[in-house]
Structure formats: structure tokens, C-alpha cells
Amino acid sequence: MREGQGNGMEEVYQQTTEPIQNTDSCCDLGYLRTRKGILKLLQVILSFVAFILEEIVQSCMYCHALYFFEFVSCSAFLLTSFLLFVLMTSLKSKLNRIDWLLVDFSYTVVITMLFLIAAIVFAAQNDGSGLEKTSVAFGFLATIAFFVDVVLRIKKEGLPGKEREDKPVETKKGSENVKPETEPLNEQANVP
């Protein structure tokens, strides 16, 4: 070993990339502590309970109302569970071409209307058993949870696709000083 080349010598090569931050967690459990996360979780639970209660009904005279309620409550449970999964994982950022806020809002509006219709129809046409009445009650509770989600979203952010009046319109910064290029990229004399 030559003199000066010991343990105290500086490294020649430095790290050139920034360390990846917090990639060990694909799940954002903090989302479940937000108002939106709590509402989504409540929607999943209420839809699931309405579906399970409807499923254990033994017999029906007005089966079409029961089947429609079953379809809506099961669809709401599965699709809201999927949305909750997407919104609280890194999948949302990986599928960044999809406007998840618009998807969530549109889905919530549609499922609110469907749940309301299904609950009203099932309430009007059932055999009057306690199980059916309880299922209808959870259907209405789920409808309320979806409706509250829609109303709070509109109050906070307005309708999707519309610019809010209190938000400034984004402008391109620095584009005022850019001069268009006037010289050709290739000179005609150099082109074979």
C-alpha cells in the first residue's frame, strides 16, 4: 500500500441516485383515518351486511324484488371494496391514467340511486319477516352512507369536471418569454 492510501482516503465514486423512499409499504392505512376512507369502509360494511341478511332469507313471495336487492347490495359491496383497495394502495398511482376521483364520484352517484330504488322496492314487496325488514334497513343505511359521500364531495370539491370559482386557473409559467425558433433545423445545402 502506498502512503496516503489508507482507511482515511475519500471515496472516488459518490452515490448518484436518490434512495427510494418508503417502497416497502404498498398500503396507505392512513387513508382509512380520513373522512373519505371512513365513509368507504362504512359503505363496504353496510352493503355487506345488507347482502348477507338478504341471502339468509329462506323463502320469498316477491322474489324479483329480493333478487334486485341482492344484485345491488352484492355489486355495491364488491365494487366499493375494489375502490377502497385501489384508493388505499399504490395501485392508484400505478394506474395514473384513470381519474380515480371521477370514477369514485360517478360510481357513488349511480350506486346511491340503485340502492335507493332497490331498498324501496324490497321494502314495498317483501313477506314482512324480521330478516327482510332488517335487510331493508341496512339497505337504507348503506344508501345514506353513499348519499353522504356524494354530498360531502360536492360541497368540498364541486362537481367533477367543473372548475371552481375560488380556484385560480392554471397558466403555463415561463411561456411568455419563449421566442419561437426562426432558424431551420437542417440547412438545405447540407441535405443530400
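Reader: Hi! Which way does H1 pass H2, in a left-handed or right-handed crossing?
Author: Left-handed: that is how H1 crosses H2. A crossing is called left-handed if the near helix is turned anticlockwise from the far one by less than a right angle, and right-handed if clockwise. Helices here are DSSP runs (H or I, at least four residues), numbered from the N terminus, and strands are E runs of at least two.

Reader: Thanks. What sort of model is this, and how are residues numbered?
Author: This is a predicted model, in which local features need pLDDT of at least 70 and side-chain atom pairs count only at pLDDT 80 or more, while totals for chains, interfaces and linings use all residues. Residues are numbered from 1 along each chain as its sequence is written, and side-chain values use heavy atoms, with hydrogens and water left out.

Reader: Back to the pair. At what angle do the axes of H1 and H2 cross?
Author: Roughly 150 degrees, and the axes come within 8 Å. Axes are lines fitted to C-alpha atoms, for helices over the stretch in contact, and angles run from 0 to 180 degrees between N-to-C directions. H1 and H2 are therefore roughly antiparallel. Angles over 145 degrees count that way, with under 35 roughly parallel, 65 to 115 roughly perpendicular and the rest oblique.

Reader: Which residues of H1 and H2 meet?
Author: On the H1 side they include Lys40, Val44, Phe48 and Ala50, and on the H2 side Phe69, Ser73, Phe77 and Thr80. Contact means heavy atoms within 4.5 Å.

Reader: What does the side chain of Lys40 pair with?
Author: A polar contact of 3.3 Å links the side chains of Lys40 and Asp149, and another of 3.3 Å links those of Lys40 and Thr108. A polar contact is a pair of N or O atoms within 3.5 Å; within protein, one must be able to donate a hydrogen and the other to accept it, and residues adjacent in sequence count only if both atoms are side-chain atoms.

Reader: And where is Thr108?
Author: Thr108 is in H4 and is buried, at 2% relative accessible area. Leaving aside residues up to four places away in sequence, Thr108 touches Lys40, Phe146, Asp149 and Val150.

Reader: Which helix does Asp149 belong to, then?
Author: Asp149 is one of the buried residues of H5, along with Phe146, Val150 and others. Those buried residues pack against H1, H2 (63-87) and H4 (100-124).

Reader: How far apart are the ends of H5?
Author: The end C-alpha atoms are 40 Å apart, which agrees with the 40 Å that its 28 residues (130-157) should span at 1.5 Å a residue. The expected span is 1.5 Å times one less than the number of residues.

Reader: Last one: how many helices and strands are in the chain?
Author: Five helices and zero strands. Of the 192 residues, 27% are buried. Among contacts between residues at least 6 apart in sequence, 75% join residues at least 24 apart.

Methods:
Buried means under 20% relative accessible area, exposed over 50%, partly exposed in between (1.4 Å probe, protein chains only).
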